[in-house]
Structures are given as C-alpha cells and as structure tokens.
Amino acid sequence: MSPIPPLPAVEPPTIADIQRIAVTQNATLVEYSLVGDYQLYIWVIQPGGEVHFTSVNLQPLDQQNTSLTQLVRNTREKIEKKAESIPELRQLHELLIEPIASYLPDDPQARVILFPHGELFLLPFPALQDSNNTYLIQKHTLLTAPAIQALDFSKNPGNLPASPSAALVVGNPTMPQVDPPPVALGRCTSGGRTNRQIAENSGPDGRCGHENGDFTSVIPIRSDSSGNSWDFG
C-alpha cells in the first residue's frame with residue numbers, strides 16, 4: 001500500500017484573493033485578529049469586494065477587572081449553567097459587532113461568514129444581543145470558518161490526487177482539560193472500536209495501532225465499479 005500523499009502547501013491569500021473569495025461566496029466575510037492583550041483588529045470584506053478595517057481598543061476592560069478572554073469564558077459558563085441573565089452577550093456584541101455593524105448586510109438572508117481568532121472560536125456568535133435584546137442570528141445568516149484559506153480550499157482544492165490510495169483514521173484521543181475550572185473531557189471509546197472495525201474490514205492492507213491512548217488505523221481507499229470512493233462514516 002503506497003503512503004498517503006502530502007497535502008499541497010497553502011500560500012497566504014492576497015487582498016485580491018480575499019476579494020475574489022467574497023465575490024465567489026456572495027457573502028460578507030468578517031475576520032477577527034487578537035493582537036496582544038489590548039487590541040482587536042477586524043476586517044470586513046463585502047460581497048462586492050470592498051474591504052473595511054476597524055481596530056478596537058480592549059484596554060478599558062482592565063478597568064472592569066476583566067478581559068475579552070474572560071468575557072468569553074464567563075459567557076460559556078453561564079450558558080452551560082442555563083443562567084437567566086447573561087450580560088456578557090450584550091457587552092461582547094458591543095465589542096465585536098457594533099464597530100462593524102454599518103458594513104454588515106441589511107438583508108437577514110444574506111450570508112455573513114465569521115473567521116474568529118483565539119478564544120473567539122469558543123464564543124456562540126449567534127447568541128450575541130444588541131441594545132434591543134435582539135440576537136445576532138435574527139439579523140444575519142451566520143456561518144463560521146476556521147480561516148479564509150480553508151474556505152477557498154473547500155471550493156478550489158487544487159492539485160489533490162484524484163484517487164488517494166490510503167487514509168489515516170484516528171479515534172479515541174487522549175482528551176485535554178478545559179479551564180476554568182479544570183474539567184477533564186470524556187474519552188470517546190466508541191471511536192477506538194470503530195477504528196478497529198474499519199481496519200479489520202479493510203483486508204490484509206488495513207493496519208491498526210495504539211499510541212498514547214489513540215487508536216490509529218491506516219486503511220486502503222477502494223472504489224466501486226462507478227469510481228465512487230467508499231464512505232466509512
């Protein structure tokens with residue numbers, strides 16, 4: 001069985017690339033970037049290719065004995081505890097949405113694709129509330145992507161092999177702790193069992209190993225008579 005081919009290198013996008021992606025997606029792109037402890041940069045790329053930049057000063061949060069990271073964590077804790085009141089949703093809306101509100105579409109059906117950064121990946125953006133207690137999801141059709149490059153790659157995968165010969169399947173990893181407070185995430189033992197079954201069903205070329213609590217399988221990719229790859233999901 002031949003080794004798994006490496007993924008192609010992904011070059012950082014240029015402004016022209018980002019504008020093209022916004023036009024292709026017919027969506028407003030919003031990218032956040034945390035710079036140090038006291039600065040938040042926000043770029044908005046509209047469907048027509050117009051680019052807008054906003055800088056938000058986070059230093060006033062020090063006077064409230066908090067930070068953007070702490071606001072996000074407090075929000076998640078209160079949501080998990082089903083708190084009746086979560087004032088952080090309003091405060092985060094003020095920091096993350098109001099500075100760019102004039103660049104967002106008026107049509108609630110128009111797509112807005114968010115690219116968070118750092119702790120912002122943990123934030124439920126749709127639940128943010130404005131001064132009228134209107135949720136952000138009521139005003140915009142929201143999507144989230146890990147990076148602009150990933151969004152572009154999903155549409156233009158480039159020169160990937162037409163028919164890869166093998167796949168690496170990993171399940172039941174050693175889970176980290178989530179702070180605060182320290183909470184150990186549960187194991188996914190069913191993932192390990194699934195990997196074993198996949199390897200066994202893959203014939204003599206299938207291999208299954210165990211390392212640091214992770215069950216890892218390398219399996220051959222086969223196709224049916226029509227050329228469609230099997231889906232083990």
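Strands E1 and E2 form a hairpin, with 3 residues between them. Gly36 sits in the turn and has a positive phi of about 65°. This is a predicted model.

**The sheet**

Thr28 has Val112 in E4 as its bridge partner. Val30 has Leu114 in E4 as its bridge partner. Strands of a sheet pair through backbone hydrogen bonds, either parallel or antiparallel.

How many strands form the open sheet, and in what order? There are 5, and the order is E3-E2-E1-E4-E5. The pairing is mixed. Strand E3 (51-57) and strand E5 (141-144) are the edge strands. Each of these edge strands pairs on one side only. From one strand to the next, the twist averages 20°.

**Aromatic rings**

A search of the whole structure finds 4 aromatic pairs. One is formed by Tyr41 and Trp43, whose ring centres are 6.0 Å apart. Their planes stand at 85°, so the pair is edge-to-face. Ring pairs also bring in Phe53, linking Tyr41, Trp43 and Phe53 into a cluster.

Are Tyr41 and Trp43 buried, partly exposed or exposed? Tyr41 is partly exposed, with a relative accessible area of 27%. Trp43 is partly exposed too, at 31%.

Gln25 is found in helix H1, residues 15-25. Is Gln25 buried or exposed? Its relative accessibility is 9%, so Gln25 counts as buried. Which residues does Gln25 touch, leaving aside its neighbours within four places in sequence? Gln25 is in contact with Arg111, Ile113, Leu151 and Lys155.

His93 is found in helix H4, residues 87-96. His93 is buried, with a relative accessible area of 4%. Neighbours within four places in sequence aside, His93 is in contact with Glu98, Leu128, Gln129, Asp130 and Leu136. Asp130 is 37 residues from His93 along the chain. Even so, the C-alpha atoms of His93 and Asp130 are separated by 6.2 Å.

**Salt bridges**

Side chains of opposite charge can pair when their charged atoms come close. How many salt bridges does a search of the whole structure find? The search finds 5. The table lists three of them.

| Lys78 | Glu88 | 3.0 Å |

Take Lys78 and Glu88. Lys78 lies in helix H3 (residues 68-80) and Glu88 in helix H4, so the pair ties together parts that are 10 residues apart in sequence. Lys78 is partly exposed at 27% relative accessibility. Glu88 is buried at 7%.

Arg90 is partly exposed, with a relative accessible area of 28%. Glu98 is partly exposed as well, at 35%. Glu98 is also one of the contacts of His93.

Lys139 is partly exposed, with a relative accessible area of 36%. Asp130 counts as buried, at 8% relative accessibility.

Definitions and conventions: Residues are numbered from 1 along each chain as its sequence is written. This is a predicted model: local features need pLDDT of at least 70, side-chain atom pairs count only at pLDDT 80 or more; totals for chains, interfaces and linings use all residues. Side-chain values use heavy atoms; hydrogens and water are left out. Two strands pair if DSSP finds at least two bridges between them. Helices (H or I, at least four residues) and strands (E, at least two) are DSSP runs, numbered from the N terminus. Axes are lines fitted to C-alpha atoms, for helices over the stretch in contact, and angles run from 0 to 180 degrees between N-to-C directions. Rings of Phe, Tyr and Trp (its six-membered ring) pair if their centres lie within 6.5 Å; planes under 30 degrees apart count as stacked, over 60 as edge-to-face and the rest as tilted. Buried means under 20% relative accessible area, exposed over 50%, partly exposed in between (1.4 Å probe, protein chains only). Contact means heavy atoms within 4.5 Å. A salt bridge is a side-chain nitrogen of Lys or Arg within 4 Å of a carboxyl oxygen of Asp or Glu.
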